[in-house]
Amino acid sequence: MENKVEAESMLVVPSEETPRLGLWLSNFDITASMTYTSLVYYYPAPTTCGEGFFSPERLRAALAKALVLFYPLAGRLGMDGGGRLQIDCHGEGALFVVATADCAGEDIFKNYMPSPNIKRMFIPAADPPGIMSMFQVRAPVFIYISGNLPGMDGKPRCVRIGLQVTFLKCGGVVLGTGIHHVLMDGTGAFHFIQTWSGLARGQACPCPPSHDRTLLRGRSPPRADLDHRAYSLAYLNGLPRPWATLVCSVSPKLLAHLKSRCKPGVSNYGAVTAHLWRCVCVARGLAPGSDTHLRVTVNVRHRLCPPVPRHFSGNAVVRELVTIKVADVLAQPLGYVADTVRKAVEGVDDAWVRSVIDYLGLESDKGTLHQPWLLQAESDLLVTSWLGLPVYDADFGWGTPRLVAPVQMFGTGGAYVSPRAAREDGILVFFALEPKYVECFEDAFYNH
């Protein structure tokens, strides 16, 4: 899986003039993970081998149009006059790579497993020594592009988005996407792919993105008057640990069984997360009298008054901490655990979000914020849900992908809950867990 040959690498700029400005970033943006959210989209070989399957020219032309709408993606990170991080929107372009690989899709995606090798194979990223110090904002990671690419002036350029189309020897294609998290959250990223693929099919964008981050500006003076334990160092006191990556399939039968053990109306997310949490407690052998913490991510676009536009492109996700005794996770009905999660999510309202915006600003100034997957205790779990997002709305004219998945996990106790290409196939859970607990976890997940 190491035999990749890069055939073409270029910067694609917007096809029309775009606003030239320094785009102010919210506290959600500047405290987001300073790395790239990287995904793979796998498209099997077409049954009829026609000309132009995943034509790079067609994709580049559509990308240039998409960057007119999503012009911050063609920008670069910079600083405003006061030293605050911003996006310098000057239309410098997005990285677009075409590559070939001497491997077949079924070799990788029949039993897909996120790994650093997958990232090296399909995501166009290069981080040479020294580039991480360009901006001193919580150890950022940047893509560095060298060589004679269009628009280069010999200085390091920190590309905010890298896209790679890899043609496999079986005739299939893998689209790899790496988008810097400071620019947008998962909702914004999937909207971008949705827009780009629609333009490739000749369709106009029905819902242009909104880039005005000032909608999430903090109050003056800031007042963090509510509890935000999900971000507190008091609950991020774990040590770095090795992990194994698991891909757990929640079949329709298993999903129906889990939901039958909960209250009527429970969401798929609630039932699966409650089950995952219980299995983790079992596998890790946590003491019944101890606390266990679940970090959930919540999209706040519709929770503010007035609400942020649905197609707001920036970061609009918060974390909330749900705390229960291990004994309750294990002994109470599964519906009790799911209902506890539901109540915590429902508690994220306008007042709570305004408070966390101010809290993030205050704590960021102190330098006391850290990424949860790096310091989670062994008793804890972080679950990010992609359910309800247009994950598979990525038809560039040759059909939807068979699989959309993260390329790697970031640390033990982190999970993504994702739909499958066909709803009738159930749900996938990508999960990182300490290797010594894997066997017990899998037994609990599928057999209890």
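How much space lies in the largest cavity? About 40 Å³ of space lies there.

## Basis of the model

The structure is a predicted model, in which local features need pLDDT of at least 70 and side-chain atom pairs count only at pLDDT 80 or more, while totals for chains, interfaces and linings use all residues. Residues are numbered from 1 along each chain as its sequence is written, and side-chain values use heavy atoms, with hydrogens and water left out.

## The cavity

Rolling a probe the size of a water molecule over the atoms shows where empty space is left. Here a cavity is a set of points, on a 1 Å grid over the protein atoms alone, where a 1.4 Å probe fits but cannot get out; lining residues have an atom within 4 Å of a point. Grid points are joined across faces, edges and corners, and a volume is the space filled by probe spheres set on the points. By this rule there is one cavity of 30 Å³ or more.

The lining of the largest cavity consists of Phe70, Pro72, Leu73, Leu183, Met184, His211, Arg213 and Ser313. By class, five of these residues are nonpolar, two are polar and one is charged. For this division, Ala, Val, Leu, Ile, Met, Phe, Trp, Tyr, Cys and Pro count as nonpolar, Asp, Glu, Lys and Arg as charged, and the others, Gly among them, as polar.

## A three-stranded open sheet

Helices (H or I, at least four residues) and strands (E, at least two) are DSSP runs numbered from the N terminus, and two strands pair if DSSP finds at least two bridges between them. An open sheet is formed by three strands in the order E2-E5-E4, with antiparallel pairing. Strand E2 (21-24) and strand E4 (76-79) stand at the edges with a single partner strand each, so one side of each has no neighbour in the sheet. From one strand to the next, the twist averages 45°; the axes are lines fitted to C-alpha atoms, and angles run from 0 to 180 degrees between N-to-C directions.

Four bridges join E4 to strand E5 (residues 85-89) in the antiparallel sense. Arg76 stands opposite Asp88 in E5, and Gly78 has Gln86 as its bridge partner in E5. The hairpin of E4 and E5 has five residues between the strands, and Gly83 there takes a positive phi near 85°.

## Strand E3 and its partners

Seven of the eight residues of E3 are buried, where buried means under 20% relative accessible area, exposed over 50%, and partly exposed in between (1.4 Å probe, protein chains only). E3 pairs with strand E10 (residues 173-180) in the antiparallel sense over eight bridges, and E3 is also joined to E15 by four bridges, again antiparallel. Val40 takes part in both pairings: its bridge partner is Gly176 in E10 and Ala405 in E15.

## Aromatic pairs

Rings of Phe, Tyr and Trp (its six-membered ring) pair if their centres lie within 6.5 Å; planes under 30 degrees apart count as stacked, over 60 as edge-to-face and the rest as tilted. The count comes to 18 aromatic pairs. One of them is the edge-to-face pair of Phe53 and Trp398, at 6.1 Å centre to centre with 80° between the planes. Phe53 lies in the loop between strand E3 (36-43) and helix H2 (56-69) and Trp398 in the loop between strand E14 (380-385) and strand E15 (403-406), so the pair ties together parts 345 residues apart in sequence. Phe53 is buried at 16% relative accessibility, whereas Trp398 is partly exposed at 23%.

Trp196 and Phe396 also form an edge-to-face pair, at 4.8 Å centre to centre and 80° between the planes. Trp196 belongs to helix H5 (residues 186-200) and Phe396 to the loop between E14 and E15, so this pair ties together parts 200 residues apart in sequence. Trp196 is buried at 0% relative accessibility, and Phe396 is buried at 1%. Ring pairs link Tyr43, Phe53, Phe54, Phe70, Phe192, Trp196, Phe396 and Trp398 into a cluster.

## Backbone exceptions

Most residues other than glycine have a negative phi, and most peptide bonds are trans. Phe54, in the loop between E3 and H2, has a positive phi near 55° and is buried, with a relative accessible area of 1%.

A cis peptide bond with omega of about -5° joins Ser220 and Pro221; Pro221 is in the loop between H5 and strand E11 (244-250). The bond from Cys305 to Pro306 is also cis, with omega near -5°, and Pro306 lies in the loop between strand E12 (291-299) and strand E13 (317-325).

Conventions:
On a 1 Å grid over the protein atoms alone, a cavity is a set of points where a 1.4 Å probe fits but cannot get out, and a pocket is an open set with protein on both sides within 12 Å along at least five of seven lines; lining residues have an atom within 4 Å of a point.
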